[in-house]
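Have the viewer open as you go.

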Amino acid sequence: MLDGVTIGEAARQSGVKVPTIRYYEQIGLLPAPSRSEANRRHYEAADLRRLTFIRHARELGFEIDAIRALLTLQDDPGQPCATADAIARIRLGEVKQRIQSLNALKAELELMVEGCRHGKVGECRVIEVLADYDQCQNDH
């Protein structure tokens, strides 16, 4: 039997589900693993580190193309990290924009809820605002 772990064990150790591991292999984020005589996949420590890297990057919201670029950089550790920094800065900008949008949404919902008179639906501020977009305070 070959060294390494099965796909199920790789999933357990890396926190990446089995179908997702197969998908990452299919799209080239993870190299095809060695196979046993019974044609079972066997993952080495480097594969598990790569899966963990991918999982963490996905949790931080990086798109597949950005992860692919980061993995390419990781595979050649002697090069400058300016590209990795640029990729992270782009993601940070996206997160800041999302936070701005969520804060505007939060403010709008707070106005809607605070304006509620707790009367009947016919007088409900929530329903009024949702029915008339012009009553919104923020562009969301």
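## A salt bridge to start with

Arg 89 pairs up with Asp 85 in a salt bridge (a side-chain nitrogen of Lys or Arg within 4 Å of a carboxyl oxygen of Asp or Glu), with 2.8 Å between the closest N and O atoms. The two sit 4 residues apart in helix α5, so about one helical turn separates them. Arg 89 is exposed at 57% relative accessible area, while Asp 85 is partly exposed at 35%. For those labels, buried means under 20% relative accessible area, exposed over 50%, and partly exposed in between (1.4 Å probe, protein chains only).

A word on ground rules: this is a predicted model, where local features need pLDDT of at least 70 and side-chain atom pairs count only at pLDDT 80 or more, though totals for chains, interfaces and linings use all residues. Residues are numbered from 1 along each chain as its sequence is written, and side-chain values use heavy atoms, with hydrogens and water left out.

## The overall layout

The protein has 6 helices and 2 strands, and along the sequence they run α-α-β-β-α-α-α-α. These are DSSP runs numbered from the N terminus: helices are H or I with at least four residues, strands are E with at least two.

Of the 140 residues, 25% are buried. The accessible surface comes to about 9800 Å², and 55% of that belongs to carbon and sulfur atoms; areas are from the Shrake-Rupley method with a 1.4 Å probe, and for residues only the protein chains shown count as cover. Taking contacts (heavy atoms within 4.5 Å) with a separation of 6 or more, 45% link residues 24 or more positions apart.

## Inside the core

The largest nonpolar core has 22 residues, and Ile 21 and Tyr 24 touch the most other members. Such a core is a set of buried Ala, Val, Leu, Ile, Met, Phe, Trp, Tyr and Cys residues joined through side-chain atoms within 4.5 Å. Two or more residues each come from α1 (7–14), α2 (18–26), α3 (45–59) and α4 (64–75), with α4 giving the largest share, 6 residues.

What does Ile 21 contact, leaving aside neighbours within four places in sequence? Its partners are Ile 7, Ala 10, Ala 11, Val 16, Leu 30, Tyr 43 and Leu 51.

## Glu 44 in its loop

Glu 44 belongs to the loop between β2 (41–42) and α3, and is partly exposed at 34% relative accessibility. Not counting residues up to four places away, Glu 44 touches Asp 3, Gly 4 and Ser 34. Ala 10 is 34 residues away from Glu 44 in sequence, yet their C-alphas are 8.7 Å apart in space.

## More charged pairs

The structure holds 7 salt bridges. Arg 12 is exposed at 59%, and Glu 9 is partly exposed at 25%.

Glu 59 and Arg 55 make another, at 3.0 Å between the closest N and O atoms. Both lie in helix α3, 4 residues or about one turn apart. Glu 59 counts as exposed at 54%, whereas Arg 55 is partly exposed at 25%.

## A leucine patch

Leu 102, Leu 105 and Leu 109 form a nonpolar surface patch with about 230 Å² of accessible area together. Patch residues have over 30% relative accessible area and no salt bridge; like charges are joined within 9 Å, and nonpolar side chains (Val, Leu, Ile, Met, Phe, Trp, Tyr) within 5 Å. Leu 102 is in helix α5 (residues 82–114) and is partly exposed at 38%.
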